[in-house]
Amino acid sequence: LSAVSASAMPSVYPRHHTGPGEVRGRIDESPMTTAPPPPLKTAATRADAAALFARGKRAARLGILANTVLALFKLIAGFVGNSYALIADAIESSADVVSSAVVWGGLQVAEREPDDRYPFGYGKAETLAGAVVALMLLGAGIVIAVEAILEIRTPHHAPAWWTLLVLVVVVAVKALLSRRVARIGQDIGSTALTGDAWHHFSDALTSSAAFVGIATALWGGPG
């Protein structure tokens with residue numbers, strides 16, 4: 001045995017394994033970097049958590065109110081101004097009302113105290129609300145695409161010129177609302193609010209597309 005060199009002895013650790021936790025036969029003791037948990041899950045006291053939830057629910061209620069007013073505004077303007085694009089945009093805004101209501105409900109449930117049925121709390125309700133909002137965002141995109149294709153094939157009278165001004169106001173309001181909700185969602189760590197902010201942003205994009213469509217119709221005349 002004394003003639004056998006130490007380098008010929010088998011190593012305790014595999015020499016060529018470089019998977020997680022081990023590097024060339026030696027244990028990697030460097031700390032793993034992970035994203036910090038959201039503030040909603042790390043609030044120091046119950047009062048701190050309640051304040052975060054209250055801020056999130058205020059943002060959701062603001063979305064419900066703004067989307068309701070904008071949907072009615074666009075619907076009336078669409079009928080009076082003979083704009084099918086505005087009417088379709090108003091229908092899409094009604095989906096935003098529902099999505100904001102889902103976010104509010106998710107935060108309301110997530111705030112509940114743990115009980116015998118859910119000893120770890122109701123925090124996943126907020127995550128589920130975010131998933132529902134994401135699915136609604138996908139569904140709204142599909143519906144808008146289908147409706148746009150159908151409307152292209154249908155002749156319409158030219159809309160009123162002032163419907164463009166309506167859409168300018170709508171885009172500005174939705175862009176500001178999206179930014180505000182996104183900031184609050186990031187501050188409190190709410191995936192549901194972040195998804196709702198994207199929904200507001202998508203509504204601003206569809207209103208911008210409606211602006212382009214109406215402007216093109218006014219430029220090209222009836223047809």
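A residue is called buried when its relative accessible area is under 20%, exposed when that area is over 50%, and partly exposed in between. These terms are applied here to a predicted model.

By this cut-off Ser 83 counts as buried, because its relative accessibility is 2%. Ser 83 sits in the loop between H2 and H3. Beyond its neighbours within four places in sequence, Ser 83 contacts Gly 78, Pro 159, Thr 163 and Ile 214.

Leu 75, a residue of helix H2, has a relative accessibility of 31% and therefore counts as partly exposed. Together with Leu 72, Ile 76, Phe 79 and Val 80, Leu 75 makes a nonpolar surface patch of about 520 Å².

The largest nonpolar core has 18 residues, and Val 103, Leu 107, Val 181 and Leu 193 have the most contacts inside it.

When residues up to four places away in sequence are not counted, Val 181 touches Ala 59, Leu 193, Ala 197 and His 200. Another core, of nine residues, lies apart from the largest one; Leu 86, Leu 164, Val 166 and Ala 210 are among its members. In soluble globular proteins, nonpolar side chains tend to be buried together.

Technical notes:
Residues are numbered from 1 along each chain as its sequence is written. This is a predicted model: local features need pLDDT of at least 70, side-chain atom pairs count only at pLDDT 80 or more; totals for chains, interfaces and linings use all residues. Side-chain values use heavy atoms; hydrogens and water are left out. A nonpolar core is a set of buried Ala, Val, Leu, Ile, Met, Phe, Trp, Tyr and Cys residues joined through side-chain atoms within 4.5 Å. Buried means under 20% relative accessible area, exposed over 50%, partly exposed in between (1.4 Å probe, protein chains only). Contact means heavy atoms within 4.5 Å. Helices (H or I, at least four residues) and strands (E, at least two) are DSSP runs, numbered from the N terminus. Patches are made of residues with over 30% relative accessible area and no salt bridge: like charges are joined within 9 Å, nonpolar side chains (Val, Leu, Ile, Met, Phe, Trp, Tyr) within 5 Å. Accessible areas come from the Shrake-Rupley method with a 1.4 Å probe; for residues, only the protein chains shown count as cover. A salt bridge is a side-chain nitrogen of Lys or Arg within 4 Å of a carboxyl oxygen of Asp or Glu.
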